[in-house]
Amino acid sequence: MRNILLFRENMKLNKSLLLIGFASLAFSSCIKEEAPNAEADIEYVLLEDVNGNFLVRKNDTIVSVGTDAISNHISVMVHPEADLSSVTPRFKLTEGASIAIKNGIEFDPEVGVPLNFSESQTFVVTSEDGRWQKEYELSFKTVAIFTKFSFEHVEKPANALYDHFFETLGSRRYDIWATGNPGYQFCGLTSYPTVSNNFGVAGKSVCLRTASTGGFGLQLNMAIAAGNLFIGSFDVTNATSAPREATRFGSPFNKVPKRFTGWYKYKPGDVMTDEKGKPIGGEDRPDIYIVMYRNAVDVDGVEHGITLDGDNILSSENIVGMARIKDVVKVNPGEDINKAEWQRFDLEFELDRGKSIDRNILENYGYNLAVVFTSSVDGAYFRGAVGSTLYVDEVEVVCE
């Protein structure tokens with residue numbers, strides 16, 4: 001939480017750069033009262049899992065809300081039997097902001113107001129200075145298990161230039177997919193690393209490309225951004241201060257994986273570079289994998305929910321098994337990747353040595369499954385080759 005608050009303070013400073021000229025005049029003459037805050041954000045949502053049979057993920061008692069367009073749609077997973085007729089979420093807002101139900105009453109964000117969440121509720125946050133408003137939709141959805149992915153559902157969020165992928169089940173939308181695209185917008189560039197492509201094995205596919213982050217990234221020793229797509233969430237508030245912590249992998253899963261299959265095409269970029277943009281030799285390769293892990297840890301007899309991130313998704317003791325690509329078929333250097341043949345991958349899910357999947361824990365969504373694709377295997381450490389391109393389509397987690 002400390003990282004989130006520090007980053008928000010940095011964001012406030014960045015937003016104030018345009019006002020420096022005016023502020024310097026004010027300070028040179030006299031000290032005046034600080035102007036009312038112009039931000040209208042929900043920073044996080046607080047929930048109480050009173051009966052222990054409401055939230056699917058224990059760590060959803062505090063739901064951090066980002067500042068990108070996707071974060072305006074806040075979704076929390078609950079058990080199928082959860083009573084949504086009267087739920088009282090509480091909110092932490094930016095300083096001085098107020099909150100109201102859309103077309104309804106204003107209420108104390110620290111106390112909340114009981115509402116029927118059988119359908120999503122929309123809230124309007126107004127800045128302290130009264131000049132700015134932002135709408136947030138909060139929904140509670142029963143957990144949905146997806147095992148087949150065709151990447152047909154994609155949109156550009158409001159006021160954003162990047163693609164966002166999602167899944168549907170019946171009439172409901174599930175934002176299970178995340179990318180680093182919201183963080184890449186800080187670079188001020190328009191060609192995003194993860195995009196939809198119209199030429200797939202069937203219908204659309206996803207295209208992941210390792211891209212330069214320009215001068216902005218070089219200043220932060222983040223010279224490249226690998227295209228990535230993963231089940232989980234991306235915390236844009238940590239995108240530059242703690243980028244690997246910003247990628248939170250996995251969603252509750254109640255099946256036993258056996259195989260991980262799908263189609264891909266891959267062409268490495270020309271020059272491998274490190275985080276400072278210096279050539280390092282070697283050839284880039286993609287990463288395609290699933291990881292299943294226990295989503296809670298025991299602390300003094302009390303279970304605490306956890307979500308693995310970019311630092312530990314492949315190394316945590318909570319991992320029970322995975323399936324990961326090893327041998328990659330690459331498109332020939334002179335060949336157009338769009339015209340190249342699709343390659344099939346069929347990977348066996350293997351349990352870690354000495355570990356097993358507890359059926360009782362499984363039935364209660366005590367495991368998370370992460371599905372991950374990236375155009376540069378070391379992209380989390382900002383090492384890769386600009387131009388490395390991975391196409392993925394028609395993916396399935398085959399289960400018992």
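Tyrosine 44 stands opposite lysine 92 in S4. The model is predicted, so local features need pLDDT of at least 70 and side-chain atom pairs count only at pLDDT 80 or more, while totals for chains, interfaces and linings use all residues. Residues are numbered from 1 along each chain as its sequence is written, and side-chain values use heavy atoms, without hydrogens and water.

Strand S1 (residues 42-46) and S4 pair in the antiparallel sense over four bridges. Strands are DSSP runs (E, at least two residues), as helices are (H or I, at least four), numbered from the N terminus. Two strands pair if DSSP finds at least two bridges between them. The open sheet has three strands in the order S2-S1-S4, with antiparallel pairing. S2 and strand S4 (90-93) are the edge strands, each pairing on one side only. From one strand to the next, the twist averages 20°.

The second largest pocket holds about 1,200 Å³ of space. A pocket is an open set of points on a 1 Å grid over the protein atoms alone, where a 1.4 Å probe fits, with protein on both sides within 12 Å along at least five of seven lines; lining residues have an atom within 4 Å of a point. Its volume is the space filled by probe spheres set on the points.

The lining of this pocket comprises 42 residues; Arg57, Val63, Ser64, Ser233 and Arg248 lie nearest the centre. Elements giving two or more residues include helix H1 (2-15), strand S2 (62-64) and strand S19 (228-234). S3 gives the largest share, five residues.

Conventions. Axes are lines fitted to C-alpha atoms, for helices over the stretch in contact, and angles run from 0 to 180 degrees between N-to-C directions.
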